[in-house]
Amino acid sequence: MILTAPPGSSIDVLGRLIAEQLRDRLGQPVVPDNRPQAGGTVGTDAVAKAERDGYTIGLSFTGPLALAPLLYAKLPYDPERDLAPIVMVGSAPNLLAVNSALPVQNAREFIEYVRRRPGQLNYASVGNGSSSHLAMEMLKAQAGLYLVHIPYNGAPPAVQATAAGDVQAIMSNPTSLMPLIRAGRIRPLAVTSAQRWHGMKDLPTIAELGYPGFEAIAWNGFVAPAGTPREAIERLNREINAILQASEMRQRIEAAGWDPVGGTPEQFAAYLKAERARWAPIVKRAGARID
């Protein structure tokens, strides 16, 4: 099981939770293998180039599966051609958050603070081409902000940099941010979902701040190399869906800040296609490219 993000990330947490259950259901070892480089594209490429026998799968996410083809001039894989969707695992909003020492108490104050200091503030992302990156670029474009992007190799170092004050702001999923929010080192300001998030109902959506239609959801799911036997895809889909539907596992996933999803391979494939189409004009408008 290739995990396309570093240890301690939400992908790592979810992958290891599922690997433990999948091992018991399949009656054989399931070995998690973290390959977080280049915003998850290295691990995703490793899945695309693996043997097509059903014994290598990957847990990947928004960036490598939907955004990377829009951002990279040369990507070593084509998600639609080289990968077979298995099942969508979870979805969650990104939180807009800042270092707690920044003298802002809410999202409106943050936007005004940045506007008065063009180019003087930095924001962290969990990697080039991630939803963490593009969600902030979307806000920059819509609000007319100039923030400098500092990409990190996964959520743990990006979140730590924000808490340490090396950067002033971040957009990332609740799993990675919550421990430092609870510790008072990072202050959440808004959520990127269309509706308020059930985990922090007091936080406004960015759309509520005067940017209608703003939505940037983080999601993840399992993929296999294209050409993997259909029976293997169906078996893995069936077993992972059963894991996601178990009440104890749902509670653990929700406690980690994610909403369990599940569904068929076809539903995941359709979602991937829709996400690429939705983000294409946003990426073009933002002018974001990665060489």
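Two strands are taken as paired if DSSP finds at least two bridges between them, with strands (E, at least two residues) and helices (H or I, at least four) being DSSP runs numbered from the N terminus. In the predicted model described here, local features need pLDDT of at least 70 and side-chain atom pairs count only at pLDDT 80 or more, whereas totals for chains, interfaces and linings use all residues. Residues are numbered from 1 along each chain as its sequence is written, and side-chain values use heavy atoms, with hydrogens and water left out.

Strand β6 (residues 122-125) runs parallel to strand β7 (residues 148-151), and 4 bridges join the two. Within this pairing, Asn122 is set opposite Val148 of β7. Together with helix α6 (residues 131-143), β6 and β7 build a β-α-β unit that is right-handed, a term applied if, with the strands pointing away from the viewer, the path from the first strand over the helix to the second runs clockwise. Gln120 belongs to the loop between α5 (107-115) and β6. With a relative accessibility of 56%, Gln120 is classed as exposed; the classes are buried (under 20% relative accessible area), exposed (over 50%) and partly exposed (in between), for a 1.4 Å probe and protein chains only. A C-alpha separation of 8.2 Å is found between Gln120 and Tyr146, which are 26 residues apart along the chain.

Strand β4 (residues 83-93) has 11 of its 11 residues buried and is therefore largely enclosed by the rest of the structure. β4 is antiparallel to β10, to which 9 bridges join it. One of the residues concerned is Ser91, whose bridge partner in β10 is Trp219. β4 also pairs in the antiparallel sense with strand β11 (residues 259-260), over 2 bridges, and here Gly90 faces Pro260 of β11.

A pair of aromatic rings is described by the distance of the centres and the angle of the planes. Rings of Phe, Tyr and Trp (its six-membered ring) count as a pair if their centres lie within 6.5 Å, and planes under 30 degrees apart are stacked, those over 60 edge-to-face and the rest tilted. The structure contains 2 aromatic pairs. In one of them, Trp219 and Phe268 are edge-to-face, with 6.2 Å from centre to centre and 90° between the planes. Since Trp219 is part of strand β10 (residues 217-225) and Phe268 part of helix α11 (residues 265-286), this pair ties together parts that are 49 residues apart in sequence. Trp219 is buried, at 1% relative accessibility, and Phe268 is likewise buried at 1%. The ring centres of Trp219 and Tyr271 are 5.6 Å apart with planes at 85°, so that this pair is edge-to-face. It links strand β10, which holds Trp219, to helix α11, which holds Tyr271, and so ties together parts that are 52 residues apart in sequence. Tyr271 is partly exposed, at 28% relative accessible area. Trp219, Phe268 and Tyr271 make up one aromatic cluster.

Grid points are joined across faces, edges and corners, and a volume is the space filled by probe spheres set on the points.

The volume of the largest cavity is about 230 Å³. Its lining comprises 25 residues, with Ser10, Ile11, Phe61, Val126 and Asn173 nearest the centre. At least two lining residues come from each of α1, α6 and β10, and β10 supplies the largest share, 3 residues. By class, the cavity lining has 10 nonpolar residues, 15 polar and no charged, where Ala, Val, Leu, Ile, Met, Phe, Trp, Tyr, Cys and Pro are nonpolar, Asp, Glu, Lys and Arg are charged, and the others, Gly among them, are polar.

Of the 15 residues that line the largest pocket, Leu26, Gln28, Gly54, Tyr55 and Leu236 lie nearest its centre. α1 (10-26) and α9 (230-245) are the elements that give two or more residues to this lining, and α9 gives the most, 3 residues. The pocket lining consists of 10 nonpolar, 3 polar and 2 charged residues.

Key:
On a 1 Å grid over the protein atoms alone, a cavity is a set of points where a 1.4 Å probe fits but cannot get out, and a pocket is an open set with protein on both sides within 12 Å along at least five of seven lines; lining residues have an atom within 4 Å of a point.
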